[in-house]
Every structure is written in C-alpha cells, then in structure tokens.
Amino acid sequence: MRHKKSFNHLGRTASHRKAMLSNMAISLIMHKRITTTLAKAKELKKFIEPLITKSKEDTTNSRRVVFSYLQNKEAIIELFGTISEKVAERPGGYTRIIKLGNRLGDAAEMCFIELVDFNENMAKPTAKKSRTRRSGKKAAAPVATEAPAEEAAAE
C-alpha cells in the first residue's frame, strides 16, 4: 500500500529518476519548451521551479546548489543569464503545462511544458474586440471603383 506517499516514482529507481529529471530540466532550460508525458511534466515542474527561484539570486553558493542538481555548465549559464533576467519580478509559476491529447502507441497523456516568459504567442496582450450587433440588413453591393492607373494612362 502507498499510504501518504507524496510523489510519483514514475516506475523508476531513485537514481534513474534523478538522472531523468535532471536531463529533462536541462532540455527545458536550453530549448524553453519540451514535449513529454503529463506525469513526467508534473514531476519536472516540482523539480525545476525551486531551481529557477534559486537562480534569481546570482551568488556562488546558489550556482553550486543548482549545479549539483543539473551537472551542465551551459544550462547553468543560460539559467543564471537570460532566464533569471526574465523571471526576476515573477513571484513563482515559471512553467506552464499545455495538454496535447493521448499518444497513439500507449494512450499516454502528452503535453508541452514550457517556460512562461519565453512564449511570445501567450505573452502578447490580446486586442480587445469591439462587440457589434448585426441589424439583419444586408450590406449594399460593393461599388465599382475607378479603373487602375495603368489603364487610365493608356487611354
């Protein structure tokens, strides 16, 4: 029985799970968006959000702590450089999970996990649409415009 077990073991040993989450975190930092299963994405969110919070304070100790989890210098440079600048004023919630549907082979729930501040499509403010009511009257037929300038010059 698994009474009060707090996290998903993902069917792996502790060392395999740690290595997998570390590799997924590095991929997310480098590519800003990855596709994975929903269960792995939820565990990755718990794994990477404290690391991003730690990266806001650029000290030697915080770099060493994050490096002990990731073991990748390029990812550390990216995390403490561009990512920490963008999330500096954000109080949390650095990642977003977007469900994609089920995988064909085994019907596993698939999703995107992405860094919130790096998706330009979601970051743009939406233009406020003006609500119009149609009166039910048909619009007049389009009026013919003047002939193009080339034809007018030829005459």
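The largest nonpolar core has 29 residues, of which L44, I52, L70 and L79 touch the most other members. Such a core is a set of buried Ala, Val, Leu, Ile, Met, Phe, Trp, Tyr and Cys residues joined through side-chain atoms within 4.5 Å. At least two core residues come from each of α1 (14-31), α2 (38-55), α3 (60-70), α4 (73-86) and β3 (109-115); helices (H or I, at least four residues) and strands (E, at least two) are DSSP runs, numbered from the N terminus. The model is predicted: local features need pLDDT of at least 70, side-chain atom pairs count only at pLDDT 80 or more, and totals for chains, interfaces and linings use all residues. Residues are numbered from 1 along each chain as its sequence is written, and side-chain values use heavy atoms, with hydrogens and water left out.

- Beyond its neighbours within four places in sequence, L44 is in contact (heavy atoms within 4.5 Å) with L21, M24, A25, L28, I34 and I113.

**Salt bridges**
- The whole structure has 7 salt bridges, each a side-chain nitrogen of Lys or Arg within 4 Å of a carboxyl oxygen of Asp or Glu.
- R33 pairs with E114, their closest N and O atoms being 2.8 Å apart.
- R33 lies in strand β1 (residues 33-37) and E114 in strand β3, so this pair ties together parts 81 residues apart in sequence.
- E114 also forms a salt bridge with R96 (2.8 Å, N to O).
- E114 is buried at 2% relative accessible area, where buried means under 20%, exposed over 50% and partly exposed in between (1.4 Å probe, protein chains only).
- R96 is partly exposed at 21%.
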